[in-house]
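I opened a new notebook page for this structure.

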Amino acid sequence: MPTVIHSSLPLWACLASLLAAPVIVLFGREPTLREATTFAAGLLKFGLVLAMLPWVLDGRTVEYTLIEGIGGIHAPIRFRVDGLGMLFALVASSLWIVTSLYAVGYMRGLHEHSQTRFFAFFAISLSATLGVAFAGNLLTLYLFYEMLSLSTWPLVTHHQDKEARSGGRTYLAYLVGTSIGFALPALIYTWVKTGGEISFGPEGILASTDIGPAQGMILLLAFVFGFSKAGLMPFHSWLPAAMVAPTPVSALLHAVAVVKVGVFCVIRVFTGVFGVDLLSRLGVATVISWIAGFTVLASSLIAMSQDNLKRRLAFSTIGQLAYIVLGVSLLSGHAVQGSMMHIAMHAFGKITLFFCAGAIFVATGRKYVSQLDGLGRRMPVTMAAFAIGALSVTGLPPTGGLLSKFYLVWGAAEAHQPALLAVYLISSVLNGVYFFPIIHRAFFRPPIDAGEDTPGTGCCAGEAPLACVVPLSITAVASVLLFFFPGLLYDLSALMTGGK
Amino acid sequence: MDLLNQYLIPHFNYWAYVILMMIGMHAMIVKNNLIKKLIGMSIFQTAIILFYVSIGVKEGADIPVLHHHAPEVAESHTPAADPHHAVDPDHYANPLPHVLMLTAIVVGVSTLGMALAISQSIYKDFDTLEENEILAKIKQGGPGIDV
Amino acid sequence: MSEQLPAILLVAPLFGALLIGVASPGDPRRAFPIVLLSLSISLAATVALLTKVVSSGPVDYFLGGWAEPLGIGIQLRVDGINALILVFIALIGLLTAIFSYRGPDDGEPTDKAPLFYILYLLLCVGLLGITITGDAFNVFVLVEIASLTSYGLVAMGSSPRGTLAAFNYIIMGTIGASFYLLGVGYLYMRTGALNMAQIHSLIALPEVAASQTILVAFLLILVGVWIKMAFFPLYGWLPNAYTYCPSGASGILAPLVTKVSVYVMIRVMLSVFGAGWVFQSAGWSQTVVWLAVIAILAGSFIALAQVELKKMLSYLIVAEVGYMVGGAWLANHWGMVGAIYHILADAAMTLCLFLAANIFVKHAGGGRIDRLEGLFRRMPVVAGAFVVGALSMIGVPPTGGFFSKWYLIRGGIEAGQWPFVAALILSSLVNAVLFFRIFEVAHFGRKPADGHHHHPPHADGEPSPEQQGTIGETTGSDRKPRLTAVAPLVAAAALVLLVGIFSGPIVEIIRGALQGMPHVGAAAPLIGR
Amino acid sequence: MKWIGLIAVVLTGALLLSAVGDFPDFGDPKSPANGGVGDFSVSQYYITHTEQDTKVPNVVTAVLADYRGYDTMFETTVIFIAGIGIIAILRSHPPGGRRGPAHPIDATVDGDHQRIIIGITCRIMIPIIQIFALYVVAHGHHSPGGGFQGGVMLGASFILIGLSRDLQAALARFSERRFIVLACLGVAIYAGFGLLCLLLERNFLDYGVLDGFFHTDPVMARSHGIFAVEVGVAFTVTAIMFAIYANLSSKGRLDEGL
């Protein structure tokens, strides 16, 4: 059994950006100081997370209980860092630094209003993301989950216009509605069933209770639909609605932080609350895999028909998330490991695509796929990064996406699910179908005249400002590096599956 | 017949107070004029006082003032000595309901006083005491509706 | 002096009120320090009492020294259930006193302030007295004190609808108090005793427990207390009373009066009739829980239809009362714990919401919800506190509101009362819609609703509220809210969070008090384990 | 609306009378209230023990002011609240010592015959009423009387001044500031005696400990304590009765009464 280290590092990792928020508001007047605080907080957070990496790598978990007495019986705010938590935290905190750089470029490029509020809430939502990553019991998980929904609302409705208002309304209706409607009763039902013990441990919380298949099914469905940030159909339409947000928000939050929190919670439910062996005994996980399978196919088909670039990327994200949920619900070792690795791979890939979409908007003001003809010549670096990102998301060789998809497919075969195996393959093809026309259009089509573009503030002949181009190239290169050096990801995800 | 003398005759006081109370309550709820509601309210409260006092009545008992001891008490200053013959409780009415009802009377007066003051200030604002007229005035956006 | 605490916490505000009457009926400046002093003394006394109860168990105090034959004198009793409520009454009284620094309403002529403070202090005496007393009839006297002062506070405002609301409040309040008095009369007629503990021991006798009079007495007391707490069918008086009364009054009435009536119901159920007697037939608890479900749903949905902010919050109080009554009548341990805990959590969040609403109505022009634009920018601190209160009402951790739902839902699940659980969840969702509608108005302000393609260049950095003064013409005075109004509001928001974060110790105290009672005593045997 | 009221009333009435069979008979000395359940009866204890506890023959006054003195203290506070509430609601410009327009007090100025007759008879009667009222307050120990009854009579005498002559005459003798202070003083006396017992390390309102103060044995101290408390009640009731009359009759302006 891995020994347990008690240290308050996870608490400080969460609080790093939360405490930065008031400082950011203090420096509201001086933008440079404000941006410096954001970066300092980003680096500090990433450093704290890295500090815990060695412990976690050799199989130990870091635990810390904040307030003993909260919640009456055994439900204090507790942090517990294990392989899965560490993997997600690394991804989130590292990408936050890159996104902050991008956001500065983007916001200044478009002279956005009330930027202090933007960066303050950005910091708060990151602290909530890490809170979910390090949550030690269901109550803390739910607490930071709700905090994330609320702190991202002002970001989604940043433009404060009619579209933002309706987008924000659907965003909250789905997220807060499903979490209170499904997740809270499921949470309390678990608390009742286990007589007060809701902390995550090596084996599932409910492993020791005699929960029947019917109750198990209802509870699992309530949890999975309760954590609607995972974007499973029919509770997925908050994600396209959230595209009204400025691109840095869509990039980090709706490609990496918020959606991955949803999937992370689903994986926690599968591994931490139920435990893989209880689920296989009850045989209820197959329903989830069918739902996820349907979501994968449906979202890929819808993505093909979307002309708005960001909405197409949004539906592609829904599809990729359903990959991960499908992988976990297969309950086979490799599939679970594949889904965990896919969290990272998809994060890097999709964030690159969103960065490119934002750069195109900043440079040329274009938003629709049909307008992207011949953009390759004008913005070579951006479009190249876009191509790499597309490769990674579809899972083709030079990028990391291939590895995680390979494990997922291997897991599906291992779990003797030929139909789901087919779903994986078909959807990979569909991914290609909705990404490659964009690349073809950008590089092999004559450029439409740039007359009606807004005079972009691009620096070198039409490219977005440097502060936008540099981050997207970093993430593009990173997704390629992940293909060649997946060691770190492999070890972390092996901890969760192998370690059991 | 037994219905009469088992339920009605020995319990006439309870029938009396309930009927009185229901008259008061009916007036409070149904009457349109505010002052009539207040009259109903005082009937309602007085009925409860009647109920309480009727509990404490003992057949052939005197008022709860221990009078025939007055002379000896004056000179026999023996505090500890029990008076030569113990007081027989059945000779004196039950004092407790009377104490409680003093409070209820005081409460009744205070509520009535305050209600009259409020109805005066309502009359000052709406210059009518009929509830339906007041509600009509409010509906057409009477004085200071949207405070 | 330490064993005289129960008397001290009542005498201090009483003498405070009398001192104001004698010293300065005229000018408010001398009255305010007296109010603060007397309320802080009683707050200190309640906190000392709480520590005494936690360390050495329930405290009994016999007025006039009449202890030996139980039932002769009047007994005050402080145990795990009411110790915390006493602290909250004194604390909320102090905070609202600071809030109404310049008399009942900022706009009011301040020479009515001393009278307002006298009524205010005597209301605190009434509420503290109700919570601490162990004598059934004494509860009636103190209920009357609390009611009369509330009628006075509601009626002394300048708005005509306030006086009309006060009149309805008097009629309904008198019916409620008289039903309670009649219930105590029936109890006295059948048991011959007025002391709660004595009645409890007499009701334990089989022939008394089975008697019809005791049943009618219980129904009368129940209906009387339900009217006082505005339980669903009998809530007619509450919305107008709390909307059109002076702002200082709504700050003290809304959080406490209905909650203390819920406490009276729980005290009567547990200490007078005993949980064993009350839950003897499952039919009762089933019907009352159904009534509570209707109360919760009706309160929430009517609130959804409201246009005025304070009226909406008043209907939410009706829904919250449904939570507490439903929780208490689930007839199991966690339901009762949840109900008692919710008294505290709901008092804190209602205080926070009503203080914020008063400031909004005063400074953001009118009570209507759609006139609250741009509040997050113009009054960030006040809006922030309002958000904390709203999150607690929705039930988002770590606020108090979440944990009361946490225990109530657990009680509901263990008692198998699924409609109650569903009602709790549904009302949380409705609250979410209610409050996010307000956040949306407050967040968006009346900006031109242009598309966000080509952004008109804005001044970089955060436009300070002064610059933003042009957000629509606000009829309310544009001055910033006074510090004495904002400080108690921030304290109230902190209280909401503290009730949530320290819900563990609070629940341990409550569970200690419930030990050994049938039905609600030990934790119910777990399903399945 | 009418039907709802009727149905509610009939239902409540039925509920109230549903247990008639179980009620004790009227006047039955052995009913639970009079004779007690089991071995102990609260009211019988009062009757048998008032003599030795407080030496006050009138059991009701003893129970009112000593055994359940806490109730009566709050009762006096209820009266006090009613007065303050009415002043707060009606008074347009509340107390601040600003006196109303003081015009000359002359009962016979307009030569109205009835006025002279009323004026003279009231002038004779009022002092007698006031003395009798004080007697009722003082004699509460031995006869049905006490603070409330005496206080009301005393208040009524001032109201009689207001009625027979005019409100200004009554206010001249019993001005607004004076009756507010008197009302506060009454409750202060009551609570003050309770506080005195508190300061002497005994429970609130435990007059027995005041034997040093009254220079008598503890039991007589209780009797004196009861009397002192009754005086406090009388003050408050007098002041508030007059305050209610003055404010209600002049709609809060305290200029001319009925």
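I began with His215(D), which counts as exposed because it has 10 C-beta neighbours inside 10 Å. The cut-offs I used are these: a residue is buried with 20 or more other C-beta atoms within 10 Å of its own, exposed with 12 or fewer, and partly exposed in between, with C-beta atoms placed from the backbone.

Before going on, I noted that this is a predicted model, where local features need pLDDT of at least 70, side-chain atom pairs count only at pLDDT 80 or more, and totals for chains, interfaces and linings use all residues. Residues are numbered from 1 along each chain as its sequence is written, while chains are lettered from A and ligands numbered from 1 in the order in which they are written.

**Positive phi in chain D**

I looked up the backbone of His215(D). Its phi is near 55°, a positive value in a residue other than glycine. I found His215(D) in the loop between H10 and helix H11 (218-249) of chain D. Helices here are DSSP runs of H or I with at least four residues, strands are runs of E with at least two, and both are numbered from the N terminus.

Next I checked Glu201(D). This residue is not a glycine either, yet its phi is positive, about 65°. Glu201(D) sits in the loop between helix H9 (176-199) and helix H10 (211-214) of chain D. I counted it as exposed, because it has 11 C-beta neighbours inside 10 Å.

**Cis peptide bonds**

I then turned to cis bonds. Met233(A) and Pro234(A) are joined by one, with omega about -10°. Pro234(A) belongs to the loop between helix H7 (213-226) and helix H8 (238-241) of chain A.

Pro398(C) is in the loop between helix H17 (380-394) and helix H18 (400-415) of chain C.

**Chain C and its side towards chain B**

I stayed with chain C. It has 21 helices and 2 strands. Of its 529 residues, 68% count as buried.

Which residues touch across to chain B? I found 26 residues of chain C in contact with 32 residues of chain B; contact means C-beta atoms, placed from the backbone, within 7 Å. Helix H5 (136-155) and helix H6 (160-191) of chain C each supply at least two residues of that side. H6(C) gives the most, with 15 residues.

Methods:
Two residues are in contact if their C-beta atoms, placed from the backbone, lie within 7 Å.
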